[in-house]
Amino acid sequence: MRTAPAATFGPLLLRLHFYAGILVAPFLLLAALTGLAYAFSPQLDRAVYADELVVADPGGSVKPLAEQIAAARATHPAGAVTAVRPGGGAATTQVDFSSPELDFEHQHTVYVDQYTGAVTGQLTTWWTSTPMQTWLDDMHTSLHLGPVGNLYSELAASWLAVIALGGLILWWRRQRGRRMLTPDLKAKKGVRRTRGFHAATGVWLTLGLLFLALTGLTWSQYAGANFGAAVDALHGSRPAVSTALAGEPAASGGGHHDMGAGPATATTVDLAMVDAVMKVAQDNGIDGPVSIAVPADATTAWSVTETGAHWPVQRDAVAIDSASGAVTDRSDFADWPFMAKLTQWGIYAHMGQLFGLVNQLLLAALAVGLICVIVWGYRMWWQRRPTRADRRAPVGAPPARGAWQQLPPWGIAVGVPLVFGVAWAVPLFGIPLAAFLLIDFAVAAIRSRRREPAVPVSPAPAGR
């Protein structure tokens, strides 16, 4: 008499981890490769755009901002000045201009040597990012395929946590204890050795991969929208200074990278007031790297926002009435809701900015480790292939079907609502999962019909 298999999650986790790894790993591989390149975009920027970004001979007295803007205007006579980012140390001053042929996310940025007032170059930027950094960002998020391409990165982020946690649980079930942290070096070759390196490396990467998955989803198309709605409901959104004067409605800023205020459409204000505005901001504790948003007209205040992305993050901002020199509104990072702070920290860390070079090296290690884990995973699939002459196959067979039948009743009662909840919040986890289940059930039904034995027909009785 055959004993029924024990109720356990193991077979279902194994089957889910196998298929998710096979089908989603190519998207994860692309995300890891493009993310690795983007992590070092600051160094690449300084190498490619050294003439624009770096002052040739730093030192001496700094020219007034109004004079630097005038030099930029002489080079770029068309368009309105929308923002100014004063240079510091060896970094040039950046002056943004609007242009009819550009959307609101892009600007023409003129770079000025703050010591000599000489213009060092001009680039078309996206939220202050150089063309190369923009190219790398777009490659990482959408493979330059537009809105359709954005689905690739969201799919990868949606499944990364599932694959990482599933692999961790499977390896814990097999190894337990400290042996989880090191591969089985006694295995000289074969699938056992490959599995050891695949799993042990995955354990070391788990926390980092979970962080990348969660932070990546915050600005994705569908899961990101749900995240934003949840943050708004919990009153955890990032506050912004009101730039309205004389009862006008406040302008809202922000963007994909949130590197500064959004550009205005036109300006009729006196740009010579920029130095006085900067002095008021400094007197009120706004220092370090800043972005000065130029108002569209006299009914709008200037705003000066700290843009320091390194720890501790500097994101204080003030709105200033240039006519009176009064601070009309203020937002301090220390007063932000905790959820807003957490989101800002996560974005900067995901982009490799929060801890400088250390942050970049950690991201690079995660990317290289994930690439190795994916390669080892496919190698295991190949190593598990049948090699007998009568059973040859190009790859290994998948885990057996029917794993869900071995789940304990309480696991089904808890797991089904939980999966539905996650699938609703993260659609590119739920939709592929539903498609996989439907295909799996369909294939199982077709194969079971093919294997049904023919009903024997009884022979007719012999005539008397």
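This is a predicted model: local features need pLDDT of at least 70, side-chain atom pairs count only at pLDDT 80 or more; totals for chains, interfaces and linings use all residues.
Biologist: What rules apply to the residues and atoms here?
Modeller: Local features need pLDDT of at least 70, side-chain atom pairs count only at pLDDT 80 or more, and totals for chains, interfaces and linings use all residues. Residues are numbered from 1 along each chain as its sequence is written, and side-chain values use heavy atoms, with hydrogens and water left out.

Biologist: In what order do the 8 strands of the open sheet run?
Modeller: Strands (E, at least two residues) are DSSP runs, numbered from the N terminus, as are helices (H or I, at least four). Two strands pair if DSSP finds at least two bridges between them. The pairing is antiparallel, and the order is β4-β3-β2-β1-β5-β6-β7-β8.

Biologist: Which are the edge strands?
Modeller: An edge strand pairs on one side only. The two are β4 (119-126) and β8 (326-331).

Biologist: What is the bridge partner of I320 in β8?
Modeller: Strand β7 (residues 317-321) runs antiparallel to β8, and 5 bridges join them. The partner of I320 is V327.

Biologist: At what angle does helix α9 run to β6?
Modeller: Axes are lines fitted to C-alpha atoms, for helices over the stretch in contact (heavy atoms within 4.5 Å). Angles run from 0 to 180 degrees between N-to-C directions. Helix α9 (residues 274-283) lies across β5, β6, β7 and β8, and its angle to β6 is about 50°.

Biologist: Which helices do the buried residues of α10 pack against?
Modeller: Buried means under 20% relative accessible area, with a 1.4 Å probe and protein chains only. Among the buried residues of α10 are W345, I347 and Y348. The buried residues pack against α5 (131-142), α7 (191-218) and α11 (357-383).

Conventions:
Buried means under 20% relative accessible area, exposed over 50%, partly exposed in between (1.4 Å probe, protein chains only).
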